[in-house]
Amino acid sequence: MDRIAQAVGISPVEIRRRNFLQPGQTTTTEQTIRENIDLHRLLNRALELSDYAAKKTRLRKKTKVECARKGIGIAAFLHGAGFTGSGERYLNSLVGVEADAEGHVRVLVSSAEFGQGTNTVLCQIAAEALGLPYESVAIAQPDTTVVPNSGPTVASRTAMIVGKTSSVGG
């Protein structure tokens, strides 16, 4: 991107701004951007917090004097959750709950916990949605003979897709 910016005579920051996805546009994975996100303000804040302009100037001056070359760069990217585009239509995102007479709830989900916090997040979502203390909620073992098929456990899909399903009573 920096080389393209240089070739067309604009800054690396400006080329990224001009290429932000806008609501109504479609990503390479066929996901339509529906939300209006202020990416310009977000980038401005990142540049401010990182002191990007001052660091870039300082490193440019330092590199002219020293043999070792140092630099600073920026990147803008889109992180999707789940199988974007039409992918989620073909996958289950089912979640169930069961309660006992003492007011304890088990979240029935086939998503596997492998260190990403799935069990904690889903218990928090269920506790909040049901108005229960967190300690009253547990996760059932992800055995699909007992729990519904919640689809694959990949990246942030469990919290973003399955968690959203569970919070709306899916």
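Modeller: R18 counts as exposed, at 56% relative accessibility (buried means under 20% relative accessible area, exposed over 50%, partly exposed in between, with a 1.4 Å probe and protein chains only). This is a predicted model, in which local features need pLDDT of at least 70 and side-chain atom pairs count only at pLDDT 80 or more, while totals for chains, interfaces and linings use all residues. Residues are numbered from 1 along each chain as its sequence is written, and side-chain values use heavy atoms, with hydrogens and water left out.

Biologist: Which side chain meets R18 in a salt bridge?

Modeller: That of E14, at 3.0 Å, N to O; a salt bridge is a side-chain nitrogen of Lys or Arg within 4 Å of a carboxyl oxygen of Asp or Glu. E14 and R18 both lie in helix 2, four residues apart, about one turn of the helix. Helices (H or I, at least four residues) and strands (E, at least two) are DSSP runs, numbered from the N terminus. E14 is partly exposed, at 28%.

Biologist: How many salt bridges are there in the whole structure?

Modeller: A search finds four. One of them joins R16 and D2, at 2.9 Å, N to O. Because R16 lies in helix 2 and D2 in helix 1 (residues 2-8), the pair ties together parts that are 14 residues apart in sequence.

Biologist: Is R16 buried or exposed?

Modeller: R16 is buried, with a relative accessible area of 11%, whereas D2 is partly exposed at 34%. A polar atom of the R16 side chain also lies 2.8 Å from the backbone oxygen of P12.

Biologist: What does V137 touch, apart from residues up to four places away in sequence?

Modeller: V137 touches V105, V107, C123, A126, A127 and L132, where contact means heavy atoms within 4.5 Å. V137 belongs to strand 3 (residues 137-139) and is buried at 8% relative accessible area.

Notes. Polar contact = N/O pair within 3.5 Å; in protein donor to acceptor, adjacent residues only side chain to side chain.
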